[in-house]
Amino acid sequence: MRVGYASVNRSIGCTSARTFRLASYSRERLYETIGNNLLCLLNTLHHNVQQGIRFFRLPSEIVPFASHDICQEPWQKDFARQFRKIGNYIRDHDVRVALHPGQYNVLNSPWEHIFEQSYKELCYQAELLDLMGLDSTHKIQIHVGGIYDDKAASILRFTRRYYLLSPEVRRRLVIENDDRLYTLRDCWEIYGAVGIPIVFDNLHHALNNVSDSLLEAFDAAYSTWKGIDGVPMVDYSSQAAGKRHGSHAETVDLDDFAAFMAQVRDYDFDVMLEIKDKEASVLKVMNSLKTL
DNA sequence: AGTTGTCAAGCTAGT
DNA sequence: ACTAGCTTGACAACT
């Protein structure tokens, strides 16, 4: 089992999510930023590997504005060597990476241009992984989208849009149950229609479910992953004490985590921690697993 | 050097 | 009609 964290390392002093304002866009600014982001990414992966961390969510901002109309630069060609180098490092060290586009990525929007824009972002993210030469176990994870007063119609719209996606995007795309709109059971319905794997999120399930137990939901999500997808991915987070529902805790609660693991001990999966202190919690969890 | 409003973008629920 | 909050963090303009 790999244990990972999202996007930004808190201790090494660089970030591979540097960006800039659209108003200050220029080819020079873009290339300088991509160059720095890729250097930091390799640095981050290296630090992860040295600590035994082999699961990492890449930031969406590695190439800022890549899916925006303003970006016409051939960055794919101009940074091909750097991408290949990072991909080689990932494969050589048995690291798994994933991507998680932001809240503006909505495949099932009734508005065609929002779908088109979301699709462009997915193409960019798939391209990142393709340029690294990574196989289909390296995923892109999204939420189902909006409801628009008609969940059944919106689920149907998602499935229709899914078939419009390129094979390069589809082989990597997975959906996650969210904290308010689409439950694991809703995701399961979509899986039944198009066969897309489901990422189980424990906190979202706790906040948003019909009547399914954690184990029922986990098992259902688990069964949607095929060999070509790699072992299932799971998002794990703890509720921040005293904060509003759904906000992520500052650091992992090892008792909660142990209770979670006790329920799913028979499954092999990779777990992504969505916890504010990032790799610090990963190290805590990895350490606790030795004695579990 | 530190602070804070804003950032390319969508949607929902609550005021 | 408007806004906080979302997987979030970082930029840039101001003290």
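Reader: How many aromatic pairs does a search of the whole structure find?

Author: Happy to start there. This is a predicted model, in which local features need pLDDT of at least 70 and side-chain atom pairs count only at pLDDT 80 or more, while totals for chains, interfaces and linings use all residues. Residues are numbered from 1 along each chain as its sequence is written, chains are lettered from A and ligands numbered from 1 in the order in which they are written, and side-chain values use heavy atoms, with hydrogens and water left out. Rings of Phe, Tyr and Trp (its six-membered ring) pair if their centres lie within 6.5 Å, and planes under 30 degrees apart count as stacked, over 60 as edge-to-face and the rest as tilted; the search of the whole structure gives 20 aromatic pairs.

Reader: Why is the pair of W75 and Y124 edge-to-face?

Author: A pair of aromatic rings is described by the distance of the centres and the angle of the planes. For W75 and Y124 the centres are 5.9 Å apart, and the pair is edge-to-face because the planes stand at 80°.

Reader: Which parts does that pair tie together?

Author: Helices (H or I, at least four residues) and strands (E, at least two) are DSSP runs, numbered from the N terminus. W75 belongs to helix α2 (residues 75-78) and Y124 to helix α4 (residues 112-131), so the pair ties together parts that are 49 residues apart in sequence.

Reader: What about F260 and F269: buried or exposed?

Author: Their ring centres are 6.5 Å apart and their planes at 80°, so this pair is edge-to-face. They also belong to a cluster linked by ring pairs, together with F200, F218, Y222, Y236, F257 and Y267. F260 has a relative accessibility of 4% and therefore counts as buried; F269, at 0%, is buried.

Reader: Which residues does F269 contact away from its neighbours in sequence?

Author: F269 sits in the loop between α10 (254-263) and β8 (270-273). Contact means heavy atoms within 4.5 Å. Leaving aside neighbours within four places in sequence, the contacts of F269 are M1, R2, F218, Y222, V231, P232, V234, F260, M261 and V264.

Reader: Which charged residue sits over the ring of Y162?

Author: A charge sits over a ring if NZ of Lys or CZ of Arg is within 6 Å of the ring centre and within 35 degrees of the ring normal. K151 lies over the face of Y182 in this way, 5.5 Å from the ring centre. Over the ring of Y162, at 5.7 Å from its centre, sits the charged end of R170.

Reader: Which residues have the most contacts inside the largest nonpolar core?

Author: A nonpolar core is a set of buried Ala, Val, Leu, Ile, Met, Phe, Trp, Tyr and Cys residues joined through side-chain atoms within 4.5 Å. The largest one has 73 residues, and α4 gives the most to this core, with eight residues. Apart from it lies another core of seven residues, including W225 and M233. In the largest core, the residues with the most contacts are V63, W75 and F260.

Reader: Which element gives the largest share of the lining of the largest cavity?

Author: On a 1 Å grid over the protein atoms alone, a cavity is a set of points where a 1.4 Å probe fits but cannot get out, and a pocket is an open set with protein on both sides within 12 Å along at least five of seven lines; lining residues have an atom within 4 Å of a point. Grid points are joined across faces, edges and corners, and a volume is the space filled by probe spheres set on the points. The largest cavity has a volume of about 40 Å³, and β6 (198-201), α9 (214-222) and β7 (233-236) each give two or more residues to its lining. The largest share, three residues, comes from α9.

Reader: And which residues are closest to the centre of the largest pocket?

Author: That pocket holds about 1,500 Å³ of space. Its lining takes four residues from α4, the largest share. Of the 49 lining residues, the closest to the centre are H100, P101, G102, Q103 and Y104.

Reader: Is D149 buried or exposed?

Author: D149 lies in the loop between β4 (139-143) and α5 (151-162). D149 has a positive phi of about 65° although it is not a glycine. Its relative accessibility is 82%, so D149 counts as exposed.

Notes
Buried means under 20% relative accessible area, exposed over 50%, partly exposed in between (1.4 Å probe, protein chains only).
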